[in-house]
Every structure is written in structure tokens, then in C-alpha cells.
Amino acid sequence: MKVIQQPLLIQKELIALKNTGKRIGLIPTMGNLHKGHLSLFQLAQSNCDVLVGSIFVNPMQFGANEDLDKYPRTLENDIKKLTELGVDYLFTPTEEIIYPIGTKTNTSVEVNRLTSRLCGYSRPEHFRGVATVVNILFNILQPDVVVFGKKDYQQYLILSAMVKDLFLPIEIIGGDIVREENGLAMSSRNKFLTEQQKEEASSLRKILLNSAKEIEDGILNFERIKQRAIEQLKRRKFKVDYLEICNKTTLEDANKEDKELLIACAAWLGKPRLLDNIEVSI
Ligand code: AMP
């Protein structure tokens, strides 16, 4: 695997490969790779000829009081994992390269719809940071296909909308959530949980599954299902940021006519804010 820090260097190599008809696949990450990330690389592998990863902890998507400094950085280990997987290129730019004048950039990318609810409510600047850096990565690496994880379902939807709205010639694929044995969605932030909290955290998945089952069984009082799930989470010491039952495409509150729903939740357990969701078809 070639590890390259300089944008123009990796761009030149990838464009040369594209010109020979190769299809470039990209997985953007912030590193500290776990099986969830690796599953996205595997999914991309069967959809491209040249597999490219990027590792960049993007300061622009972190709020002032968030965990940018504490975010785990494990580049050597990540390189080992991606090499074993057969990844061809890894792009590892520095903050100075991506944001030469700092994160108050001259240009940023704002997706107007889909961004104000769910995570956008408590993290108002977050998706502008995500959309901006992903655009920068797309422009440097010029991928044909990109895989995003559906663990960050809202992000996957927003970036799919961005690609469509801006006519970017890129195929977006959503990868399923990879979980620990107890059901907890894998995340780089899980390492801030104690062993006991890791066990307790599994109830988030169970509560979402219960809510999904109620809907599948024909109970369509979404507000009551939502309030009951929030109460159950609070009883298990979660501090709930949001739990919403929404239309899977628009992220608006679900109504009784909707057939494809998403139950999405963000909640703190101790230090980390955990994110999970479940797709429900009626
Ligand atoms: P991150 O490094 O957290 O920015 O994540 C990079 C990509 O990996 C994003 O597309 C995430 O949605 C995806 N991802 C993170 N955790 C998981 C997981 N447990 N299962 C599937 N995809 C994941």
C-alpha cells in the first residue's frame, strides 16, 4: 500500500490509473480503524479496481467543546490493517495541507436540507465541516465510487444529496452497521467506555429493536413509542440527545403513510456520545 500525504502526488497517480480505465474506490475515515471501517473497504473492493482510503481527523466537523484533541490517532496500526486488507493507496494529509488558512476557510460546502435535524440540531456546524472536507477529498482523489457507513445514516444521506445536487460523477454506496457481539455499534469512541458501560451500552440496540418491532407489529403511535424508548434509555443512565422516528428519505417525523422509516438515536453513556439507528419497513 502506498501511503501519500501530498494531494498533488496522489492525485497524479490516481488520474493516471483512471486514464487507463481503472475505477477508483474511496473510503474516507478519521482513522482508528475497526471492523466497521474495514467492512466498507471490503464492500468497495468488489466495486472498484483501485482501492483508496483516507485518514484525516477533520477539525472543521468538531464543535468547540467536542473531543478533537482526544480523538484516538493510531496511524501505524491503521496502516497495518489496510495493508493486510490489500488496500492500494492511503491518503494521510495534515491539517495544514487541507486547511492552509485554518478551518475558517474561504469556501465551505453547505447542504441545506437534511442537516438541521437529528445530529444537526445539537451539532449545528458539524455537517458543513463534513460536506466541506468530503468535497475536498473528492476533488483531490476523484473517486468513481465511495462507501459511507450507515451507522452515520444522516451523514450518508446528506453526502448522497450533495453528490446528486452538485452533479458529481460519483456513485455512493451505503455500508451496513457492524456491531460488537452484544449489539453495540462499533465506533472509535467506544474505547472511552468502561467494560461495564460497554455491556450497558448494548441496551441501546435492544431498545431500538423493541421500538422497530412495535412498528412492524402495526403500532403506529410513533410519539408514544418514541417517549417510551427515551424513558427506557434514561432509566439505563443514558443521557439522550435525540431519539426520532422519521421518514428514511427526508428525515422528517414519520407519519402513518410512510412505509420506509428510520429510528435514529444519539445518547451519551458516560463520556462518549453513542450513535445508532435501525431501518424499518412497514
Ligand atoms: P469515521 O472514521 O468515524 O469518520 O467513519 C468513517 C466511515 O466509517 C463512515 O462512513 C462511518 O459511517 C463508517 N463507520 C463507522 N463505524 C461503523 C460501523 N460500526 N459500521 C459501519 N460503518 C461504520
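How far apart are the mean positions of the positive and negative charges of the chain? They are 2 Å apart, for 38 positive and 37 negative charges. Here Lys and Arg count as positive and Asp and Glu as negative, while His and the chain ends are not counted. Each charge is placed at NZ of Lys, CZ of Arg, CG of Asp or CD of Glu.

A word before the views: this is a predicted model, where local features need pLDDT of at least 70, side-chain atom pairs count only at pLDDT 80 or more, and totals for chains, interfaces and linings use all residues. Residues are numbered from 1 along each chain as its sequence is written, and side-chain values use heavy atoms, with hydrogens and water left out.

Figure 1. Helices (H or I, at least four residues) and strands (E, at least two) are DSSP runs, numbered from the N terminus. The C-alpha trace spans about 55 × 40 × 35 Å along its principal axes. Its radius of gyration, 19 Å, agrees with the value near 19 Å that a compact globule of 282 residues would have; the radius is taken over C-alpha atoms, and the globule rule is 2.2 Å times the number of residues to the power 0.38. Contact means heavy atoms within 4.5 Å. Among contacts between residues at least 6 apart in sequence, 72% join residues at least 24 apart.

**Figure 2. Phe 56 and Tyr 99, an aromatic pair linking distant parts of the chain.** A pair of aromatic rings is described by the distance of the centres and the angle of the planes. Rings of Phe, Tyr and Trp (its six-membered ring) pair if their centres lie within 6.5 Å; planes under 30 degrees apart count as stacked, over 60 as edge-to-face and the rest as tilted. By this rule the chain has three aromatic pairs. In the pair shown, the centres of Phe 56 and Tyr 99 are 6.1 Å apart and the planes stand at 45°, so the pair is tilted. Phe 56 sits in the loop between β3 (50–55) and α3 (75–85), and Tyr 99, 43 residues apart from it, in the loop between α4 (95–98) and α5 (119–122). Both Phe 56 and Tyr 99 are buried.

**Figure 3. Tyr 153 and Tyr 156, an edge-to-face pair.** Their ring centres are 5.7 Å apart, with the planes at 75°. Both belong to helix α7 (residues 153–165), where being three residues apart separates them by about one helical turn. Tyr 153 is buried at a relative accessible area of 6%, and Tyr 156 is buried at 17%.

**Figure 4. Ile 24 in strand β2 (residues 24–29).** With 0% relative accessibility, Ile 24 counts as buried. Leaving aside neighbours within four places in sequence, Ile 24 is in contact with residues including Leu 14, Leu 17, Cys 48, Val 50 and Leu 141. From C-alpha to C-alpha, Ile 24 and Asn 47 are 8.9 Å apart in space, and they are 23 residues apart in sequence.

**Figure 5. Thr 92 in the loop between β4 (89–91) and α4.** Thr 92 counts as buried, at 10% relative accessibility. Not counting residues up to four places away in sequence, Thr 92 touches Val 3, Ile 4, Gln 5, Ile 55 and Leu 75.

Methods: Buried means under 20% relative accessible area, exposed over 50%, partly exposed in between (1.4 Å probe, protein chains only).
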